[in-house]
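This briefing is meant for a reader meeting the structure for the first time. Please look over the sequence and the structure before turning to the notes.

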Amino acid sequence: MSVICKALRKHKQHGKAMAALLLCVLLLLPCGCGGVQKYSVTFIDVFDTVTTFTAYAGSRGEFDALAERLHEQLLEDHRRFDVYREYPGMNNLCTLNHLAGSGEVQVDRVTMDLLAFSAALYGESGGRLNVALGAVLALWHQAREAAAEDPAGARAPEESLLREAAQHCRIQDLALDEEACTVRFLDPELKLDVGAVAKGFAQSRAMALLDGAGCTAWLLNMGGSVCCRGRKPDGTPWTIGLEDPLDKSGPMRSFPLTDASAVTSGVDQRYFLADGVRYHHIIDPETLYPGTRYTQVTVVLPDPALGDALSTALFLLDTEAGRALAEKYASEVLWMLPDGSQVKTDGFPALK
Ligand code: AMP
Ligand code: MG
């Protein structure tokens, strides 16, 4: 086993300086299957989560070269879709939030594609998935940050502030010129938040890169959102672990996955507690409060971009509407309910 640590950039996010360390851990596991070996690398500087890329390759050099290309692309997408920080030489989501309220802003094709995709999913989800909900989500973000600083004083945002912010969340005010690649906010107070879709969109692009490179057996795990190709050399599928969102120390369930993605949205991510209530990060645009129907939703389908968008949308839809949406996109879904019961579509992989 060899361990390579590179690192380091100062990374300012959410108003706080934090050191971001890029940690690359290369694991060589002898396998003796058709001359390929299993290699793995972990990045902790993209999409605010831990990303692990595992692949079977003919040599470490081959794997390293591929992992480097993958890492570069993920970093580029991370910067493109960052709503908190701008970077030299690009107009990213943060630039849009600063400038698009006062005039057209030029973006690149990838950013335009993400926004057009997100706007389309707004309609498909009956308005539940709304990337223009940024003004409301910012209030929840501030409440979460304040709760982290002072857990005893934690509280939900004032309802009157939420209602006021909700006046500036109309997706119709996001004006996209897809040909010219320009964006303009018709409401100067509109703010974008692409947290529900950006990671899956980047994962989908990563999938295209890896396919284009001819890599046939790999798994990319971005903080629990997973996509994979092929099988392990012994013919077995990849295994995906699923934590109980309310009991992280409990037994993990798992299911097999081949040539697909599995994306999860849950109450265990980005939450704070106030007066015994768990305020998590998936906000129902109708109530302006965290969705209460489920504790976790997992979507299995070929494309992780769609998986990410659907997992958030399905978290907020009732199961009847959710089933119709899942069927439309040939996806399989597992809904975990607050009482511990579960609902699944017929084709969801068997859980162990
Ligand atoms: P996910 O983990 O993919 O379900 O995405 C959750 C993230 O999406 C949150 O942290 C917010 O940044 C954002 N978000 C929360 N609620 C919504 C919503 N109703 N529509 C769009 N984005 C949302
Ligand atoms: Mg999502």
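This is a predicted model: local features need pLDDT of at least 70, side-chain atom pairs count only at pLDDT 80 or more; totals for chains, interfaces and linings use all residues.

Residues are numbered from 1 along each chain as its sequence is written, chains are lettered from A and ligands numbered from 1 in the order in which they are written, and side-chain values use heavy atoms, leaving out hydrogens and water.

**Around ligand 1**

- Among the 17 residues around ligand 1 (those with a heavy atom within 4 Å of it), the nearest are R128, S265, H281, I283 and T312.
- By type, the shell holds eight nonpolar, five polar and four charged residues, and its largest share, three residues, is supplied by helix α7 (residues 304–316).
- A polar side-chain atom of T312 lies 2.7 Å from an oxygen atom of the ligand, while a backbone N or O atom of I283 lies 2.8 Å from a ligand nitrogen atom.

**The three-stranded sheet**

- Three strands form an open sheet in the order β8-β10-β9, with antiparallel pairing (strands pair if DSSP finds at least two bridges between them).
- Because β8 (105–106) and β9 (174–177) stand at the edges with a single partner strand each, one side of each is left without a neighbour in the sheet.
- Between β8 and β10 (residues 182–185) there are two bridges in the antiparallel sense, and V105 has V183 of β10 as its bridge partner.

Key. A polar contact is a pair of N or O atoms within 3.5 Å; within protein, one must be able to donate a hydrogen and the other to accept it, and residues adjacent in sequence count only if both atoms are side-chain atoms. Helices (H or I, at least four residues) and strands (E, at least two) are DSSP runs, numbered from the N terminus. Ala, Val, Leu, Ile, Met, Phe, Trp, Tyr, Cys and Pro count as nonpolar, Asp, Glu, Lys and Arg as charged, and the others, Gly among them, as polar.
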